[in-house]
Amino acid sequence: MTRDEILEQAHQLINGPRAKDYGDAYHNFDRIAQGWNIIIRNTDGPITAKHVALMMDWLKTCRLLENIDHLDGWVDKCGYSALGGSFHAD
């Protein structure tokens with residue numbers, strides 16, 4: 001795939017299915033940032049793999065707030081929680 005083809009595919013996704021599934025990108029990213037900032041503020045020391053699992057779960061939560069019936073989001077949330085819970089102390 002060429003660079004132009006990759007960019008065209010990205011253009012189609014962010015202006016089509018992704019926009020439909022997740023809503024306005026700025027609004028969604030702002031909501032994600034708010035949650036991630038809460039996670040970071042409650043962190044003692046550097047961000048760990050467990051924090052990343054929490055952050056990714058929050059990202060999926062924000063996306064589901066736009067389309068609560070998006071099954072992939074629910075599955076992804078379960079996956080991130082299972083991964084984070086399985087990580088040993090960092």
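This is a predicted model: local features need pLDDT of at least 70, side-chain atom pairs count only at pLDDT 80 or more; totals for chains, interfaces and linings use all residues.
Residues are numbered from 1 along each chain as its sequence is written, and side-chain values use heavy atoms, with hydrogens and water left out.

**The whole chain**

Start with the chain in a cartoon view, where you will find five helices and zero strands, the elements running α-α-α-α-α from the N terminus on. Helices (H or I, at least four residues) and strands (E, at least two) are DSSP runs, numbered from the N terminus. The radius of gyration of the chain is 15 Å, well over the 12 Å that the globule rule gives for 90 residues, so the chain is more spread out than a compact globule; the radius is taken over C-alpha atoms, and the rule is 2.2 Å times the number of residues to the power 0.38. Of the 90 residues, 24% count as buried, where buried means under 20% relative accessible area, exposed over 50%, and partly exposed in between (1.4 Å probe, protein chains only).

**Helices α3 and α4**

Glu 66 lies in helix α4 (residues 49-66) and Arg 31 in helix α3 (residues 25-41), so the pair ties together parts that are 35 residues apart in sequence. A salt bridge is a side-chain nitrogen of Lys or Arg within 4 Å of a carboxyl oxygen of Asp or Glu, and by this rule the count comes to three. Glu 66 itself is partly exposed, at 33% relative accessibility.

**Helices α4 and α5**

Now select Asp 57 and Lys 77, which form a salt bridge with their closest N and O atoms 3.0 Å apart. This pair links distant parts of the chain, with Asp 57 in helix α4 and Lys 77 in helix α5 (residues 71-86), 20 residues apart, and both residues are buried.

Finally, select Asp 76 and Lys 60, whose salt bridge has its closest N and O atoms 2.7 Å apart. Here Asp 76 belongs to helix α5 and Lys 60 to helix α4, 16 residues apart. Asp 76 is partly exposed, with a relative accessible area of 31%, whereas Lys 60 counts as buried at 10% relative accessibility.
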